[in-house]
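Biologist: I'm new to this one and would like to learn how to read it. Could you walk me through it, one feature at a time?

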Amino acid sequence: MCGIVGYLGDKDVKNVLIEGLKTLEYRGYDSAGVSIFNAGKIEKVRAAGKLQSLIDKIGSTGFDGSLGIAHTRWATHGKPTERNAHPHTVNKVSLVHNGIIENYMELREELVACGSVMSSDTDTELVAHLISKEVDSGKDLYEAVLEVKKKITGAYAVLVMSEDQPEEIIGFKCGPPLIVGLGEGEVVFASDVQAIAPHTKKVFYLEDEDVVLARKDDLKIFRESKKIDPVWTELDWSKQVAEKSGYEHFMLKEIFEQPRAFAAAIEPHINIERQSVVLKDIDVSLLKDIDRIFIVACGTSYYAGMYGEYVIEKLAGVPVELEIASEFRYKEPFIPSSSLVVVISQSGETADTLAALRLAKEKGAKVLSLCNTKHSTIDREADFKLYMNSGVEVGVASTKAFISSLGVMTLLATQLSKVHDRVPKEDEQSIVRSLLGLPSVMESVLAYDKFFAKAADDLKKFKGFLYMGRGTNYPIALEGALKMKELAYKHAEGYAAGEMKHGPLALIDEEILIFMLCPQDHLYEKTLSNLEEAKARGGYIVSVGTKGDEQLKSLSEHFLALPKGDFITNPILETIPVQLVSYHVAKALGCDVDQPRNLAKSVTVE
Ligand code: M6R
């Protein structure tokens, strides 16, 4: 959370920083600010609210300096006000920070006891005070940073500049990502390559404890205080720009991109001629020795993992334990070394998922990652890698990365079933055929966009939303409820339909909308009974089921038909209506669809 950018070079620093922040706003958007040299002094401009407030405030202000730093914030310590916005400047030192300083209370007490005056409620300001003190005692900025690094604990990616050294920026990190790009006579730092790619494709991903000292024509990277020769990565970046391409919101664009994203996720692993699955870049013999799988993730990625759990157990017969990353890392899990730990993360930077990966490796297990963001920390640290291949996802609510994850999970399950001699060849071919056919079916399901656009004014009046499904439809019910909560701020629950009678049925009255996922699968009759129970208590029913199902249609206020599918394909198609309903209800309520309140896309704090 929080996005930071730094620039040294001949371009207009203000523009580079603002354009960089635009690409990072997904990481936090409750305030923003810049510090840029002007007439030899650091000039700081900050504004509460979205980046646009900062842009309005800066207006046509000119800066003559050739370096600056900038920040877009997701508040951790201190309210989202201008006073708490970054950069934080103390005397000659100005800095931006992404992360949390954990020993913040103790440092603050010490600093205040020594006479420091705080001008914000943040943990970040303390780092500026500490560096400033070291600089005042005669150290240069690099030495000051090394000294302060010994005193702070927690998670941080920091860019700092000082009026005493107007030609340099120092970057250092422990936890959250920080990348430095080297161009012709220019250096760009950022939390994400999206802010760097317009300037240079030559990048270096800092490792924890690295310190970068950057001047326009000189860049040094230190690891444990020793200068290292960095291994540069050449970005494979065909301008994956975040543009809405005529859609009103990124989220809607990303929903409509799902057929393409899904195809891009599965195709690298499919041999079309043989109609078989071969997971690229995975040591298949390793999968043979695996006798247990842990799937660890957060939020939407966790629900993709739940789908994976069902499909892997059913197809491959390998036991799967599904874990929420923030729980897994602290519960002292028993992870036999014969296990495979699968971590799923769109951003590849989620702090809890990353910690789970590190824990699993410590315990001797092999880790397989499924990420969307190549070269992200999780991607870099995993033993084996799979990709969602969805392209940049900007909307804070994850959509296309989810649907791609479902596709890849199915391929993993199929590959595992093959190495465990479970799936006959004909079945593998039929799975491959139905996966390859899904993108064009998705195109037709997207037509429900019009239905929800029209229905949203009625649907938005409901007090609460209950999503129900059984089997592989259950994770989609949970995902539907999460989407409704995060986008429309409505109370929403996802339930395994068979569990309703154990309590949640009491919630149902005329003000509750039931979103029922009820395809004609092996659990159809049972799900239908659960629907009858909900309807009998006054619930308003919107159902998603199999085309031609007159019985389900007659029980529903609205019936959305999908082509006949199975436990693999039904959930993938159901995902589209559960996304669309939240999108349109949120829009009808006037909510900020792409940047819902209190959230950020990349959660790099615990
Ligand atoms: O980047 P990750 O997949 O690790 O992110 C996990 C969650 O933070 C994320 O899925 C979150 O729940 C989304 N906002 C849901 O739309």
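Modeller: Strands (E, at least two residues) and helices (H or I, at least four) are DSSP runs, numbered from the N terminus. This is a predicted model, where local features need pLDDT of at least 70, side-chain atom pairs count only at pLDDT 80 or more, and totals for chains, interfaces and linings use all residues. Residues are numbered from 1 along each chain as its sequence is written, and side-chain values use heavy atoms, with hydrogens and water left out.

Biologist: In what order do the 7 strands of the open sheet come?

Modeller: The order is S5-S6-S7-S8-S12-S13-S14, with antiparallel pairing. At the edges sit strand S5 (88-90) and strand S14 (226-228), each pairing on one side only. Ignoring direction, neighbouring strands here are turned by 25° against each other on average.

Biologist: How many bridges join S5 to strand S6?

Modeller: There are 3, and S6 covers residues 93-101. His88 stands opposite Leu95 in S6.

Biologist: And which strands are joined by hairpins at the other end?

Modeller: One hairpin links S12 to S13 through 2 residues. Strand S12 (residues 211-215) and strand S13 (residues 218-223) run antiparallel and share 5 bridges; Val212 has Ile221 in S13 as its bridge partner. S13 also forms a hairpin with S14, again with 2 residues between them, and Glu224 in that turn has a positive phi of about 45°. That antiparallel pair has 3 bridges, and Phe222 faces Lys227 in S14.

Biologist: How do I read a pair of packed helices?

Modeller: Two packed helices are described by the angle between their axes and the distance between the axes. Axes are lines fitted to C-alpha atoms, for helices over the stretch in contact, and angles run from 0 to 180 degrees between N-to-C directions. Helix H16 (residues 474-488) and helix H19 (residues 569-588) pack at about 15°, with axes 9 Å apart. So H16 is roughly parallel to H19 (angles under 35 degrees count as that).

Biologist: Which residues of H16 meet H19?

Modeller: Contact means heavy atoms within 4.5 Å. In H16 the residues are Ile476, Gly480, Lys483, Met484, Leu487 and Ala488, and their partners in H19 include Pro571, Val578 and Tyr583. The contact residues divide into 10 nonpolar, 3 polar and 2 charged (Ala, Val, Leu, Ile, Met, Phe, Trp, Tyr, Cys and Pro count as nonpolar, Asp, Glu, Lys and Arg as charged, and the others, Gly among them, as polar).

Note on methods
Pairing = 2+ DSSP bridges. Parallel < 35°, antiparallel > 145°, perpendicular 65-115°, else oblique.
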